[in-house]
Structures are given as C-alpha cells and as structure tokens.
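Welcome! Let us walk through a protein model together, one part at a time.

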Amino acid sequence: MSSILRIEDLKANYGGIEALKGISFDVEEGAIITLIGANGAGKSTTLRAISSLVAASSGAIEYRGEDITGMDTRLIVERGLVMVPEGRRVFPNLTTLENLKIGAYLRKDEKGIEEDIEAVYALFPRLKERHWQMAGTLSGGEQQMLAVGRAMMSKPKLLMMDEPSLGLAPLVVKDIFDTILKLNAEGMTILLVEQNANAALRIAHYGYVLETGLCTLEGTGAELLGNSRVREAYLGRTKAERQSER
Amino acid sequence: MLVNWPMLIQQVVNGLTVGCLYALIAIGYTMVYGILRLINFAHGDIFMMAMYFAFFGITVFLIPWWAVMPLVVVVTTALGVLIEQAAYKPLREAPRISLLISAIGVSYLLENLATVLFTGIPRSFPSVPHFTEMVIVGQVRIQWLGFWVPLIVLALVVGLMFIVHRTKTGMGMRAVSKDMETAKLMGVHINRIIATTFGIGSALAAVGAMLWGMKYPQMQPYVGVMPGLKCFIAAVIGGIGNITGAIIGGILLGLLEILIVYFFPGLSGYKDAFAFIALILILLLKPTGLMGEVVTDKV
C-alpha cells in the first residue's frame, strides 16, 4: 500500500516554545494510524500543523503526492484532509442539522449533501432525534458524534481525530472507537491522536510514540502494546505484573 | 396633570424614528464585534461619508434622490469593505488591541479626509419632499419620515435576519462568530465572511445616514461622531454581539432621549448625556447587556 500522508522532519513553534522538534511519520492509505504520548508531547500540534492552523517552521507535509505545507486550511479541507478538533468544538449556537451542513460548506452537490446527512443519521440515530436542537444543549457523547458526523460531511479521505475520547464516559468511548473501526472498514484512512493509549493501540494498525516534540518509538499496534517502555509510561502496569516482577 | 395626547404621540413617533435609526447603525457595530471582537470606531465616520456621498449625488451631480439612495448604499458598502481590507485584514493574527488602534486611526483618517475634501463648512442635507413633508392627522403633526423610517428599518431587519439565519453565508457568520478556528476547519472562507459582515454593516449605516440627513439636515465632517458613539452604546445596552439586542438597545435609547426631554424640558441641554448615563448604568447593573450572554474570554 502507498502512503496518503508523509510528514518529514516537521518543526513548529506553539506558544513561544518549539513544540515539534522534527517529526517524521507516514500514514498508509486505508490504515488506522495513531500518535500517542503524554500531555504536551506535541500530538495536537502535529495535527494542527497538518491542517495549517499552526505554521510549520520547517519540514514538509506531503498529502497524496502534493506538498501542502503552509497551504490555506480551506484548500486542505477541500482535498479531503479533515480534522475533528480536540474538545469536539461543535458550534453551540447552531442546530445539530446546521452543524452537519456546515461540515459540507465547500460542497455544492445539494443532493449528495442530503444523502450524506441521512448516512450520518443512520450511523448516529441520536443526532436525527435531536436535529433541531442547538448543539450546545447536546450531551458530551452526542457532541462527539456530531463532531465526527460533521467531519464526515466534508467527504474526508483522511480523517484526523484529536482526542475523541476526552472527557467521555467509558461506554461512550467504546461507541466512538467502534465508529472509528466502522469508518475505517468502509475505506477511510484515520490518523488518531489519543491519550487513551490502550484503546488507541488496540484498534490501530501502526502507531508512533511522541515525547516532547520528537518521535521516539514506532511499531504496529500490537508491538507497542507489548513494549515494556510503552506499558510503563502510557498504559500503567497491572497489579499482577508488578507482583510477578518482584 | 392633563396629558397632551397629540404632543405625546408626536414625541413617541419621533423617539421611535430616532431609535430605529440608532438600531440600524448599532447593528453594524454589533455584527463586526460578534465576528472580530472589534469595536469598529470608524463606523460613525462611514455613516458621515455616506451622508456626503448622498449630498454630492443630489446637489452636485443632480441625480434624482431615488437613484442616489441605492448608489450611496453601493459606494458605502465598497468603502466599508475597502477599510476592512486595508486596515483590519493585515492585523488578523495581531493582538486585539492593535485592531482597536487601527480602527481609531481609520476614524481620524476619514474625519480629516472629509475635512480636506469637503471642507469643514457646515452644509445642509437636501430635503426629499416625500420624506420630510408633514402629515396632519387631527392635531397630530408627523413627518412622513415617522412612518417611512420604521417601515424601512423593519424591512431591512427582516432581510438581515433572513441572511443570518437562512443562508449559507449567514450560517458561516454565526459559526465564525463562535469559533473562528473550527470554522476554518470546516472550509469556511473566513476573509470572505468578514468582508461580507463589514459590507452589510456599512450598507445599513448608509441607509441610516440618508434617513438621518433628512431628519437632521445639518452636516459637517464630524457629524458621525455623536451618532456613532450613541449607537455603540445602544449595541452595548442590547448586549454587544447580539443583533436583536442592538435593535432593542437602539429603539430604547431613541425613545429614552426624546421622552426624557419631553417630560423634563429643563434637561434638554443635557440630551446627549443620557446615552452615556445609560451606558454607565447598564455597565454597573448588567454588564453583558439586556440580551447578552456571559462569555468567558477566549485565550
């Protein structure tokens, strides 16, 4: 398989500090790739740099063979590289339906938009029930569904998700991860940023570990899950493991 | 005390007329603030420029008034968009205070440009018979403006509400006003939305300026300063960033000014001070304004 996104030696400053100190990784078409790491490791900054919300100070971002470094966010979205931002960020003053419609802001095919709204409703029936409600009044889980549905309306080829499990109840987190698997099974490439490393590595084909702006470790999901350093730093060892080590 | 009904009705119509004009201009302040978090101090001077455009259109170029009106709206809209492009767009990533300073700069620039180009000599806005003639119903004497202004403002507000709530651009505006960054991620063309907002605000100010000129014909390059300040206050009273609030704030302020002078004629010399007293009171009692919501400042 070929890579859909290639990051090379990406550096970026954020809030006056060098948040990315030269990160390189590949996203293979059709795969679920995850970036894990502690708070402040540069995971979100990486996604924001790819979307051009943060300017890269050096390095290259290549998407489907095209250099998109520093390109207008709008044009990146137009090319099918779409991000679900951290904290959901639905528009609270717009209805659920309007939030979905604004995801299709760049599209002109009215009929296709209608069909895709129905497709989102089929995936998240709760959103259909609440289509008239202001998004600000939805629960956290519903807002996350809406944020994913809204991103789907942009017809993404590569969907980047920033901490989709943040602040959600375990059952809802499971729903969201099931949805990610479902979308991937339909052929969508996913780049997933998570602090919940355990859940992310379980569904990911390949993962990268970020530490203070550098990519320190990579491997398949299973490899990283089994790696002792990853277990220690991000997964938390079980009581049984600690006892057996004595 | 015996109420002088005809007089009171005249004053209420008068207050409503002024209030509707305040509302029209206040919308421009509130929409720009909603999107850029900027108090566009040049708004009152855009209003002044529109008055001069209409003045020259009618008295120098001898264009009939019904043709001047749409023309002035178009030219003023272009001016508003031009100001945005030249003075605010380059500061998109700059701290908010730079934007504010730029707005004050544009305000001084327009006032002085008008003084140089049009001289400081006070001029008289041409009267348009259909609007300025009196209607006499029984003992009540009202200018036609008293009917036209609320009707025109109502039509414009309905049109504006349609744009904001029923069109794609309007949806973009509402999204940008809440969360510009996420709107970008949806592919919303931020600069186009901002330019449209300035255009709409300036167009409404242009209509307001012409109707204002018919009601208060005396004009000079600083004619926009006081209405500008008062309409800014109206927007704050209503809850800045909220369009409905700006309309309510404007109408309330207009009625307040006229009726206080009617009931307490001794205070007529302090007429311009009422708006500022109202501002102080609202900031003390309900700082977010009548319709405003409590928003935590974004980092």
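This is a predicted model: local features need pLDDT of at least 70, side-chain atom pairs count only at pLDDT 80 or more; totals for chains, interfaces and linings use all residues.

In which sense do strand 6 and strand 7 of chain A pair, and over how many bridges? Strand 6 of chain A and strand 7 (residues 158-162) of chain A run parallel, and four bridges join them. Here, two strands count as paired if DSSP finds at least two bridges between them. Helices (H or I, at least four residues) and strands (E, at least two) are DSSP runs, numbered from the N terminus.

Residues are numbered from 1 along each chain as its sequence is written, and chains are lettered from A and ligands numbered from 1 in the order in which they are written.

Now step back to see chain A as a whole. Its secondary structure comes to 11 helices and 10 strands. The radius of gyration of chain A, taken over C-alpha atoms, is 18 Å, close to the 18 Å that the globule rule (2.2 Å times the number of residues to the power 0.38) gives for 246 residues, so chain A is as compact as a globular protein of that length. Along the principal axes, the C-alpha atoms of chain A fill a box of roughly 60 × 40 × 40 Å. Of the 246 residues of chain A, 43% count as buried. A residue is called buried if 20 or more other C-beta atoms lie within 10 Å of its own, exposed if 12 or fewer, and partly exposed in between, with C-beta atoms placed from the backbone.

The strands we began with belong to an open sheet of six strands in chain A, in the order 6-7-8-3-9-10, with mixed pairing. At its edges are strand 6 (81-84) and strand 10 (214-220) of chain A, each of which pairs on one side only. Neighbouring strands of this sheet are turned by 20° against each other on average, direction ignored. Such angles run from 0 to 180 degrees between N-to-C directions, and the axes are lines fitted to C-alpha atoms, for helices over the stretch in contact. Helix 7 (residues 170-185) of chain A packs on the sheet, touching strand 3, strand 7 and strand 8 of chain A, and its direction makes about 155° with that of strand 8 of chain A.

Look next at strand 3 (residues 32-36) of chain A. Is this strand largely enclosed or left open? Five of its five residues are buried, so strand 3 of chain A is largely enclosed by the rest of the structure. In a regular strand the side chains alternate between the two faces of the sheet. On one side of strand 3 of chain A sit A:Ile32, A:Thr34 and A:Ile36, on the other A:Ile33 and A:Leu35, and all are buried. Strand 3 of chain A pairs in the parallel sense with strand 8 (residues 189-194) of chain A over five bridges, where A:Leu35 has A:Val193 as its bridge partner.

Chain A has another open sheet, with four strands in the order 2-1-4-5 and antiparallel pairing. Strand 2 (17-28) and strand 5 of chain A stand at the edges with a single partner strand each, so one side of each is left without a neighbour in the sheet. Six bridges join strand 1 (residues 3-14) of chain A to strand 4 (residues 56-63) of chain A, and A:Arg6 has A:Glu62 as its bridge partner. Helix 1 (residues 43-50) of chain A lies across strand 1, strand 2 and strand 4 of chain A, at about 70° to strand 2 of chain A.

Finally, meet chain B. The contact between the chains takes 14 residues from chain B and 20 residues from chain A, where contact means that the C-beta atoms of two residues, placed from the backbone, lie within 7 Å. On the chain B side, helix 7 of chain B gives the most, with five residues.
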